Amino acid sequence: MSSETKQILTTDGIPLEVSLKKAEKKNKIKAFLLVAPLLLFLIITYIFPIGEMLFRSVDDRMVTNMLPKTFKAMEKWDGKELPPEEVFEAFYLDYKFLVEEKTFGKLATQLNYEKNGFKSILKKLQRKMKKFEQGNYKEQIMNVHKRWANVEYWRAIKRRAPDITYSKYLKAMDMYENEDGKISQVSEDRRVHRILWLRTLEIAFFVTILCFLMAYPIAHLLATLPMKYSNLLMICVLLPFWTSLLVRTASWMILLQQQGIVNDFFVWIGLVGEENRPEMMYNKTGTYVAMTQILLPFMVLPLYSVMKTISPSLMRAGKSLGGTPFVAFWKVYFPLTIPGIGAGCLLVFILAIGYYITPALVGGASGTLISNQIAFHMKSTLDWSFASAMGLMLLTGVLVIYWIYNKLVGVDNIKLG
Amino acid sequence: MSKNSEFVKFDKVDKSYDGKVLVVKDLNLDISEGEFITMLGPSGSGKTTCLMMLAGFETPTNGEIYLDSNPISNIPPHKRGIGMVFQNYALFPHMTVYENLAFPLKVRKVSKDEIDKKVDKALSMVSLTGFENRMPGQLSGGQQQRVAVARALVFDPAVVLMDEPLGALDKNLRESMQYEIKHIHESIGVTVVYVTHDQGEALTMSNRIAVFNDGKVQQLSSPDKLYEEPVNSFVAEFIGENNTFQGEVSDISDGKCKVKLKEGEIVANPINVKSKGDKTTVSIRPERALINPPQKMDNNYKGKIEEVIYHGDHTRVRLNVLGNPEFILKVPNSSQNIDIKLGNTINISWNSTDARALDPK
């Protein structure tokens, strides 16, 4: 049998593999030390926050921790009829503790998320509780308000028992888990998120297309013009890049507003009447225009770097072999730019899908994106777990797009420069 | 049927890129059908520009180019039907060898069967049968070159242009490719216009060579004539090795002339000198000067050996003759060469017909 392959030894009799490992060890440690700061930085600033975000989006321990005895007592309750005395007693003890700690307001907020009407009955309970006598808490609590005798409210409490919840994800899709534990849609007038998701995808998609259509000729010019002119053009492409994003967006506001320069021009050339100047800002148009301009360099640069590597003799070969200029372009030049197109489109799309400042400033009501909604929940409603859930959905969306791209074109085909 | 001796014709062609400098000056060149003609010259001599004008990628500033008696200046490149092999092959990297070869046929709407047949034939011509499905990146430089040649020939063009096609190959491969291209040319009889700066390549392959310098054709003739009978000192210098003497004509008669050098005088063959007093450069090929020749020659001098370089089949000897310390002699390595030692003085001779008195440099 040939499986007895001899171990190759060095001249000193040490196995070659061992010797190699030893020799390479120092280099490996050196290489690792070189990347270690970056690795640490990435872990602290990227991987850890994303993990934290994932955790926060499903974390639901607040209520669990506030009502430990209640949930323990509820374990035996089947939820069909009103819970037994032990549950009421446990709830009374938990709530009493919260009142003493002065944190009962949070519970009211949380439970009110689950079912409207909790706030008032909890307040009332807090007031009446001082006069409670020992024993028979069920009776006493039910007497505080008739809702306490409604099994729905107790079911709502029980629903908050698990440590984790996916309700925020459902909410981001305009859905919720109803009293029977079924996933259903919120009423039509409250479906805001799905519109935002779709609008985000739509705007990102069309911004990518617009960027591509504009960037392709520019990149081609950049790659083929003589150095003298191409440098100048490159500066023109990069100049907006060097300007603050806020300044650029603000200048679009100056240009696009109803009394702005573009509208003045339209009126001046007689394209529109003085009375019906089109609204180009605080709607989708504004978002499209500003985002396309701002993201254009991200499309130009990958395309340029790929086109720069395509030898001009290829186009010449195409023509000398009998292809018309269009055929030579379509069959020879264009396929060779696909890696750049892929990289540029992916970059622009991913940036566009999470764009925030520009839509916030020029988007108005109909031009804002999902990231604006995330920011809203971060800053205004302070529902961070909801914001985290949406953030993660966005991240997942980007990863899915990346995966699809990899399946269709292959990530090896990306060339960023 | 006689072949058209003006199959490709450059008629008073000028080319300038910037309106200030002429890259090609008043070029008149006739190329006959089936000929292998090489444009040879140093870089910047205008040879590639001529090729590009013929291919249609540059337009002549003045004059006209005719292909089979039709002016082609206004015909775009893709309608000229001229095959071209580029310096760096210019194979389409995203297509297989088959697709590369099929490209010119597909755009001509040739049927699938016909394409298969022609691609097969072209590949067997460059002995690459079986490589149809390879990508150009998977081929060696020599194989890529052959694919490029096959692609330029597969659609049966009347003329094939080759722009320094062997420049990127190593020496051995380059030599074998030279023969291969030459044989392909011989077997299919296509007209080839070949551009190179490598004189060895030009001499090996061509029917005729056009030596370019400074935008002008310096000499257009067959390789042997070019080497043996250069018409001016540029050609003499550029093609092959060359020993030169600078001097002044002191006498001219009977197809011979005497040239006075700084030290001594030589008898030479007047090519570009007309009368007494003309400045001249006399050029002698290294192998035309002999040591102790058996028969008498009309130039006999003594030279001191300054350097001996062994070259395998021959030895190169640097002599100091008539005040020229750079006089090179090529001595075949045979037993006769006894006296070739550093510092020895030897007798060398040459015939005055081989010493060509050309224009001064």
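**Figure 1. Domain layout of chain B in the predicted model.** In chain B, the C-alpha centres of domain 1 and domain 2 lie 39 Å apart. The model shown here and in the views below is a predicted one. Domain 1 of chain B spans residues 8-233, and domain 2 of chain B spans residues 241-358. Where these domains meet, four residues of domain 1 of chain B are in contact with six residues of domain 2 of chain B. On the domain 1 side of this contact in chain B, two residues are nonpolar, two are polar and none is charged.

**Figure 2. The open six-stranded sheet of chain B.** Six strands of chain B form an open sheet in the order β6-β7-β8-β3-β9-β10, and their pairing is mixed. Strands of a sheet pair through backbone hydrogen bonds, in either a parallel or an antiparallel arrangement.

**Figure 3. Pairing of β3 with β8 and placement of helix α4 in chain B.** Within the sheet, β3 (residues 36-40) and β8 (residues 191-196) of chain B pair in the parallel sense over five bridges. Opposite Met39(B) stands Val195(B), a residue of β8(B). Helix α4 of chain B, comprising residues 141-153, lies across β6 and β7 (159-163) of chain B. The direction of α4(B) is at about 175° to that of β6(B).

**Figure 4. Antiparallel partners of strand β16 in chain B.** Strand β16 of chain B (residues 299-310) runs antiparallel to β19 of chain B (residues 345-350), and six bridges join the two. Lys304(B) has Thr345(B) of β19(B) as its bridge partner. Six bridges also join β16(B) to β17 of chain B (residues 314-321), again in an antiparallel arrangement. Here the bridge partner of Ile309(B) is Arg316(B), which belongs to β17(B). The strands β16(B) and β17(B) form a hairpin with three residues between them. In the turn of this hairpin, Gly312(B) has a positive phi of about 85°.

**Figure 5. Packing of helices α10 and α14 in chain A.** Two packed helices are described by the distance between their axes and the angle between those axes. For α10 (residues 193-224) and α14 (residues 284-308) of chain A, the axes come within 6 Å and cross at roughly 40°. The crossing of α10(A) and α14(A) is right-handed. The contact of α10(A) with α14(A) comprises 22 nonpolar, three polar and two charged residues.

**Figure 6. Domain layout of chain A.** The domain assignment divides chain A into domain 1 (61-162) and domain 2 (193-413). The C-alpha centres of these two domains of chain A lie 53 Å apart.

**Figure 7. The contact between chain A and chain B.** Chain A contributes 15 residues to the contact, and chain B contributes 18 residues. On the side of chain A that touches chain B, helices α15 (312-320) and α16 (325-353) of chain A each supply at least two residues. The most is given by α15(A), with six residues. By class, this side of chain A has seven nonpolar, six polar and two charged residues.

Key. Residues are numbered from 1 along each chain as its sequence is written. Chains are lettered from A and ligands numbered from 1 in the order in which they are written. This is a predicted model: local features need pLDDT of at least 70, side-chain atom pairs count only at pLDDT 80 or more; totals for chains, interfaces and linings use all residues. Two strands pair if DSSP finds at least two bridges between them. Helices (H or I, at least four residues) and strands (E, at least two) are DSSP runs, numbered from the N terminus. Two residues are in contact if their C-beta atoms, placed from the backbone, lie within 7 Å. Axes are lines fitted to C-alpha atoms, for helices over the stretch in contact, and angles run from 0 to 180 degrees between N-to-C directions. A crossing is left-handed if the near helix is turned anticlockwise from the far one by less than a right angle, and right-handed if clockwise. Ala, Val, Leu, Ile, Met, Phe, Trp, Tyr, Cys and Pro count as nonpolar, Asp, Glu, Lys and Arg as charged, and the others, Gly among them, as polar. Domain bounds come from an automatic or database domain assignment.
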